[in-house]
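Trainee: I have a new model open and I'd like to learn how to read it feature by feature. Can you walk me through it?

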Amino acid sequence: MDLSLHPKQYQVLTSPANEILYGGAAGGGKSYLLRLVSIVLCYNIPGLQVYLFRRTYPDLMANHMNGSGSFPELLAPFIEDGRAKMKEGEIAFANGSKVHLCHCQHEKDVLKYQGAEIHVLLIDELTHFTDYIYRFLRNRVRLGGLKVPSEWVSKVPLILNASNPGGVGHQWVKATFINHAPPHECKQTTDEEGGMLRQYIPARLDDNPTLTSNDPNYIKRLQGLGSEALVRAMRDGDWDIVAGAAFEKLSRDKHMIRPFVMPEWWTRFTSLDWGTAKPYSVGWYAICDEDVVLKAREGYPEKILPKGSIIRYKELYGWGGSADKGTREEAREVAAKIHAMETDGERIDYRIADSAMWAQHDGPSAAENMMDELARLRNKTPFMEKSRKDRIANYLEFRNRIAAKDGFAAFFVTSNCEHFWRTVPELQLDTRQPEKGPDTAQEDHVYDEVSYALVSRPQVWTELARDGYEYDEAQAKAKKADRKSQSRY
Ligand SMILES: Nc1ncnc2c1ncn2[C@@H]1O[C@H](COP(=O)(O)OP(=O)(O)OP(=O)(O)O)[C@@H](O)[C@H]1O
Ligand SMILES: [Mg+2]
């Protein structure tokens with residue numbers, strides 16, 4: 001029997017990370033990978049205790065114990081010659097290693113594992129689990145007294161999770177693995193977060209040649225799922241789907257690019273959304289002055305950046321560490337930080353900031369204080385034509401830039417802009433006035449700052465009209481007046 005892994009699956013075995021999420025798309029070979037890893041490690045490390053979880057028992061059985069590529073099939077040669085035995089709920093190898101087949105339907109069920117010493121934790125469909133269960137199980141992972149053969153020392157202890165987007169745990173899994181670092185990058189976590197080396201390895205359907213060749217119509221069935229968001233989640237493994245998302249078209253696949261050295265003659269500018277009790281957001285932008293092909297590198301696919309595209313290439317975010325909490329820094333301090341972020345010779349053509357900075361309470365405004373340090377700071381308002389001074393215009397400009405035309409987007413954000421990728425894809429539409437974009441009760445400071453940047457270089461309005469998003473101010477006013485005249489109060 002051929003026990004081999006496809007190249008993408010194999011990356012898990014060669015990765016230095018020890019807290020991994022493998023996955024994304026449906027059918028990418030996730031569950032098979034978990035089974036094979038458990039067998040390979042048990043076979044090579046005597047006494048190893050592997051715990052494999054699905055949320056429920058029926059799912060565990062259906063997914064891992066039945067059908068082609070299931071445990072009984074993979075283990076048949078081992079069972080035949082006595083190297084392994086399959087019992088109720090566990091697979092025992094002759095060298096003392098075990099795969100414990102586990103489920104954890106209710107949160108209280110984790111207590112069953114309170115005393116367990118887990119050497120390798122494998123969780124299938126991680127988004128079916130809650131953050132609480134995951135943290136509890138992660139806490140049980142340690143080597144204890146296990147003697148590991150030298151060639152396997154770097155592989156254990158190990159946590160390997162597999163999952164599609166969606167499900168009750170979508171948000172926390174995304175926050176933990178997808179927002180933590182760009183795909184493929186291994187990044188240490190804090191002690192509070194377990195202190196392991198964490199990595200997200202995205203896998204798509206075409207990373208599993210077994211399925212694409214055995215069942216070429218599988219992709220079509222996925223496309224028939226109905227909702228565009230669901231198709232994107234299942235077919236492309238896109239984690240940025242959220243029901244009611246303000247930017248359905250924004251995705252890491254299309255809009256995230258790797259940082260690169262840009263020609264110094266490109267126009268550059270900054271945008272700022274001011275805040276003290278709430279976060280402030282500063283973004284640095286460059287305008288692509290020719291069609292650029294950004295070559296594939298370090299796990300990033302090749303990208304074409306059309307002439308005129310705007311690239312947000314770094315950021316400074318005044319974040320108090322928890323959602324929507326600011327740092328209460330003075331404008332002068334922030335200005336000094338902005339300076340410090342700019343390398344020698346980084347020529348900034350102009351800087352825009354929101355009008356609130358010009359508000360005077362007692363003494364000089366925040367903008368005046370900042371201008372002592374920063375040249376070329378301008379109020380965003382004059383950049384916008386009269387009819388565009390509102391949230392509707394900002395939202396349209398943003399949507400228009402990210403909507404791919406002829407397959408090309410016109411706005412890109414580098415992967416180092418961590419707060420952009422943490423907050424913007426998450427924003428939900430204002431349900432009462434969806435035409436105005438994201439509900440302002442959310443952590444929307446990066447979005448605001450980006451929208452000032454984008455309206456400072458508007459794209460042609462006719463494009464919007466073609467997209468069906470034209471806003472007729474006169475008509476809107478007439479409607480409002482009409483409603484007022486009909487009101488009896
Ligand atoms: N390396 C491999 N060698 C042989 N068969 C494989 C390999 N990887 C995956 N397969 C087969 O491809 C099919 C789909 O794989 P698997 O069930 O692991 O995908 P999945 O990502 O878990 O899918 P789902 O999203 O439906 O849970 C299965 O039949 C599995 O046995
Ligand atoms: Mg699976």
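Predicted model: local features only at pLDDT ≥ 70, side-chain atom pairs only at ≥ 80, totals over all residues.

Trainee: Where does Arg328 sit, and what is its phi?

Mentor: On phi, the general idea is that most residues other than glycine have a negative value. Arg328 has a positive phi of about 55° although it is not a glycine. Its place is in the loop between β15 (310-317) and α11 (331-341). His184 is another case, with a positive phi near 80°. That residue lies in the loop between α6 (170-178) and β8 (187-188), and its 22% relative accessibility makes it partly exposed.

Trainee: And the peptide bonds: which one is cis?

Mentor: Here the general idea is that most peptide bonds are trans. In this model the bond from Val156 to Pro157 is cis, with omega near -5°. Pro157 belongs to the loop between α5 and β7 (158-163).

Trainee: Let me zoom out. How many helices and strands does the protein have?

Mentor: There are 17 helices and 18 strands. Of the 489 residues in the protein, 51% are buried. The protein exposes about 23000 Å², and carbon and sulfur atoms supply 51% of that area. As for sequence separation, take contacts between residues at least 6 apart in sequence: 72% of them join residues at least 24 apart.

Trainee: How do I read the nonpolar cores? Which residues touch the most other members in the largest one?

Mentor: The general idea is that in soluble globular proteins, nonpolar side chains tend to be buried together. In this model the largest nonpolar core has 39 residues, and Phe71, Phe93, Val99 and Leu160 touch the most other members. Helix α2 (residues 30-44) gives the most to this core, with seven residues. A second, separate core has 31 residues, including Ile257, Leu294, Ala335 and Ala367.

Trainee: Which residues does Phe93 touch?

Mentor: Leaving out residues up to four places away in sequence, Phe93 touches Ile39, Cys42, Leu75, Phe78, Arg83, Ala84 and Val99.

Trainee: Now a charged residue. Is Glu19 buried or exposed?

Mentor: Glu19 has a relative accessible area of 0%, so it is buried. You'll find Glu19 in strand β1 (residues 19-24). For a case like this, look at the partners of the side chain. The side chain of Glu19 makes a polar contact of 2.6 Å with the side chain of Tyr134, and another of 3.1 Å with that of Arg138. Beyond four places in sequence, the residues touched by Glu19 include Ile159, Phe177, Thr189 and Glu193.

Trainee: What about residues in loops? Which residues does Thr130 touch?

Mentor: With a loop residue, look at where the chain puts it and then at what it meets. Thr130 is in the loop between β6 (120-124) and α5 (131-139). Not counting residues up to four places away in sequence, Thr130 touches Arg55, Glu107 and Trp172. Thr130 and Glu107 are 23 residues apart in sequence, with their C-alpha atoms 7.9 Å apart in space. Their side chains make a polar contact of 2.6 Å.

Trainee: And Trp265, is that one buried or exposed?

Mentor: Trp265 counts as exposed because its relative accessibility is 55%. This residue lies in the loop between β10 (256-257) and β11 (268-273). Leaving aside neighbours within four places in sequence, Trp265 is in contact with Asp289, Glu290 and Arg347. With Asp289 there is a side-chain polar contact of 3.2 Å.

Trainee: Last one, the ligand. Which residues come nearest to ligand 1?

Mentor: Ligand 1 has 17 residues around it, and Ser4, Gln9, Lys30, Ser31 and Tyr32 come nearest. By class, the shell has three nonpolar, 12 polar and two charged residues. The largest share of the shell, three residues, comes from α2. Now the polar pairs. Oxygen atoms of ligand 1 lie 3.0 Å from a polar backbone atom of Gly27, 3.0 Å from a backbone N or O atom of Gly29, and 3.0 Å from an N or O atom in the side chain of Asn208. Taken alone, ligand 1 exposes 630 Å², and the protein buries 79% of that.

How values were computed. Residues numbered from 1 in each chain as written. Chains lettered and ligands numbered in written order. Heavy atoms only, no water. Helix = DSSP H or I, 4+ residues; strand = E, 2+ residues; numbered from the N terminus. Buried < 20%, exposed > 50% of the residue type's maximum accessible area, 1.4 Å probe, protein only. Polar contact = N/O pair within 3.5 Å; in protein donor to acceptor, adjacent residues only side chain to side chain. Contact = heavy atoms within 4.5 Å. Core = buried A, V, L, I, M, F, W, Y, C linked by side-chain atoms within 4.5 Å. Near = heavy atom within 4 Å. Areas by Shrake-Rupley, 256 points an atom, 1.4 Å probe, with all protein chains shown as cover. Nonpolar A, V, L, I, M, F, W, Y, C, P; charged D, E, K, R; others polar.
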